[in-house]
Amino acid sequence: LCPMDEAISKKINQDFSSLLPAAMKNTVLHCWSVSSRGRLASCPEGTTVTSCSCGSGCGSWDVREDTMCHCQCGSIDWTAARCCTLRVGS
Amino acid sequence: LCPMDEAISKKINQDFSSLLPAAMKNTVLHCWSVSSRGRLASCPEGTTVTSCSCGSGCGSWDVREDTMCHCQCGSIDWTAARCCTLRVGS
Amino acid sequence: LCPMDEAISKKINQDFSSLLPAAMKNTVLHCWSVSSRGRLASCPEGTTVTSCSCGSGCGSWDVREDTMCHCQCGSIDWTAARCCTLRVGS
């Protein structure tokens with residue numbers, strides 16, 4: 001219907017197809033650990049908990065309110081949250 | 001060779017460079033836990049296991065068939081899989 | 001000021017808004033495990049550690065130098081790192 005519009009759409013499509021993969025190469029998952037004394041450890045806002053590690057060799061944990069690691073064993077001296085976020089490169 | 005094409009390409013490039021970072025700010029890693037009784041817990045299709053948590057304080061686990069947490073210790077009463085996926089914002 | 005430029009910009013914006021979500025559907029978080037004997041296990045370059053699993057039921061671990069799982073309990077026979085990366089689909 002509108003040949004110019006269509007031509008430009010096609011070009012946008014083509015350029016996008018090569019620009020996106022190139023840009024995504026600079027987008028990485030970035031993770032780090034936040035440790036606290038006791039049985040709770042929290043990730044900063046804007047990050048996600050992917051795992052928790054507990055003192056006393058304990059492997060039983062749950063995540064509370066999306067951002068807080070809670071270690072469940074009897075006597076826990078420390079708790080660490082593994083916090084991750086997407087980082088868009090330049 | 002084709003001045004118009006080049007001008008449009010350049011414009012697409014420029015606009016893409018500012019549109020992508022803005023759009024990626026709305027793309028987040030979203031994770032949640034799926035718990036089951038016994039020594040196995042599965043993540044739903046389209047998600048990825050980033051970690052497992054086991055009952056009885058057990059920290060020995062492996063991931064089977066990409067989506068299933070398997071806790072290895074002797075007597076496991078529950079297993080939780082940490083399931084993650086990218087969520088593209090609006 | 002430049003009606004043509006503005007019209008093309010608008011078109012780029014519109015097309016980008018539909019192209020990106022479609023392309024992001026093919027971008028997934030991909031994770032797998034790397035196991036080693038002993039108390040250390042490393043993820044390959046370009047990936048991120050989201051969690052560690054330890055032999056002997058141990059749930060106490062930390063991540064060294066961003067890519068290496070270190071299990072802390074007394075006698076550890078094996079260590080596994082959960083390694084993740086973004087994979088841009090075609």
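A crossing of two helices is called left-handed if the near helix is turned anticlockwise from the far one by less than a right angle, and right-handed if clockwise. By this convention, the crossing of helix 1 of chain B and helix 1 of chain C is right-handed. The structure is a predicted model, in which local features need pLDDT of at least 70 and side-chain atom pairs count only at pLDDT 80 or more, while totals for chains, interfaces and linings use all residues; side-chain values use heavy atoms, with hydrogens and water left out. Residues are numbered from 1 along each chain as its sequence is written, and chains are lettered from A and ligands numbered from 1 in the order in which they are written.

Helices (H or I, at least four residues) and strands (E, at least two) are DSSP runs, numbered from the N terminus. Axes are lines fitted to C-alpha atoms, for helices over the stretch in contact, with angles running from 0 to 180 degrees between N-to-C directions. Helix 1 (residues 3-24) of chain A packs against helix 1 (residues 3-24) of chain B at an angle of about 50 degrees, the axes being 10 Å apart. That makes helix 1 of chain A oblique to helix 1 of chain B (angles under 35 degrees count as roughly parallel, over 145 as roughly antiparallel, 65 to 115 as roughly perpendicular and the rest as oblique). Helix 1 of chain A passes helix 1 of chain B in a right-handed crossing. For helix 1 of chain B and helix 1 of chain C, the axes come within 10 Å and cross at roughly 50 degrees. Helix 1 of chain B is therefore oblique to helix 1 of chain C.

Helix 1 (residues 3-24) of chain C also carries C:Met4. This residue is exposed, its relative accessible area being 52% (buried means under 20% relative accessible area, exposed over 50%, partly exposed in between, with a 1.4 Å probe and protein chains only). Together, A:Met4, B:Met4 and C:Met4 make a nonpolar surface patch of about 340 Å². Patches consist of residues with over 30% relative accessible area and no salt bridge, like charges being joined within 9 Å and nonpolar side chains (Val, Leu, Ile, Met, Phe, Trp, Tyr) within 5 Å. Accessible areas come from the Shrake-Rupley method with a 1.4 Å probe, and for residues only the protein chains shown count as cover.

In chain C, a salt bridge links C:Asp62 and C:Arg64 (3.5 Å, N to O); C:Asp62 is partly exposed at 21%, as is C:Arg64 at 38%.

Two residue pairs in chain A relate sequence to space. A:Cys83, in strand 6 (residues 78-88), is buried at 0% relative accessibility. Its C-alpha atom is 5.6 Å from that of A:Cys43, 40 residues apart along the chain. A:Ser42, in strand 2 (residues 40-42), is partly exposed, with a relative accessible area of 35%. A:Ser42 and A:Ile12 are 30 residues apart in sequence, and their C-alpha atoms are 43 Å apart in space.

Notes:
A salt bridge is a side-chain nitrogen of Lys or Arg within 4 Å of a carboxyl oxygen of Asp or Glu.
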